[in-house]
Amino acid sequence: MGWQPIETAPKDGLEVDLYVAEAGRIPDCQWRGAEWATRGDAGWERLPAEHFRPTHWMPLPKAPDA
């Protein structure tokens, strides 16, 4: 599964990668209440909607087999 339109992005807590034209791929994001956030060093960091407009999303890849 490749990039999907942002309108179809899950908003149930599933982590995904997002694509923003100005910034490129932003990994490990999650819809948190009313906005997108990404996992940072100090936990979840808000991605402000006024500067952050994702156009596409992609599921995270599966972990490698051990």
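Okay, quick one today: which strand is D28 found in? The answer is β3, residues 24–31, with strands here being DSSP runs of E, at least two residues, numbered from the N terminus. Before I go on, this is a predicted model, where local features need pLDDT of at least 70, side-chain atom pairs count only at pLDDT 80 or more, and totals for chains, interfaces and linings use all residues. Residues are numbered from 1 along each chain as its sequence is written, and side-chain values use heavy atoms, with hydrogens and water left out.

So, confidence. pLDDT is the predictor's confidence in each residue, from 0 to 100. The chain's mean comes out at 91, and 100% of the residues reach 70 or more. Confidence is highest in β1, at 98, and lowest in strand β5, residues 43–46, at a mean of 90.

Now the overall fold. You get 0 helices and 6 strands, where a helix would be a DSSP run of H or I, at least four residues. Along the sequence that reads β-β-β-β-β-β. The radius of gyration is 12 Å, close to the 11 Å from the globule rule for 66 residues, so the chain is as compact as a globular protein of that length. For the record, that radius is over C-alpha atoms, and the rule is 2.2 Å times the number of residues to the power 0.38. The C-alpha box along the principal axes is roughly 40 × 30 × 25 Å.

On to the pairing, which needs at least two DSSP bridges between two strands. Strand β6, residues 56–59, pairs antiparallel with β1, residues 4–5, over 2 bridges, and there Q4 sits opposite W57. β6 also runs antiparallel to β2, residues 16–20, with 4 bridges joining them; in that pair, V16 faces P59.

Contacts, meaning heavy atoms within 4.5 Å, are the last thing. Taking those between residues at least 6 apart in sequence, 45% join residues at least 24 apart. That's it from me.
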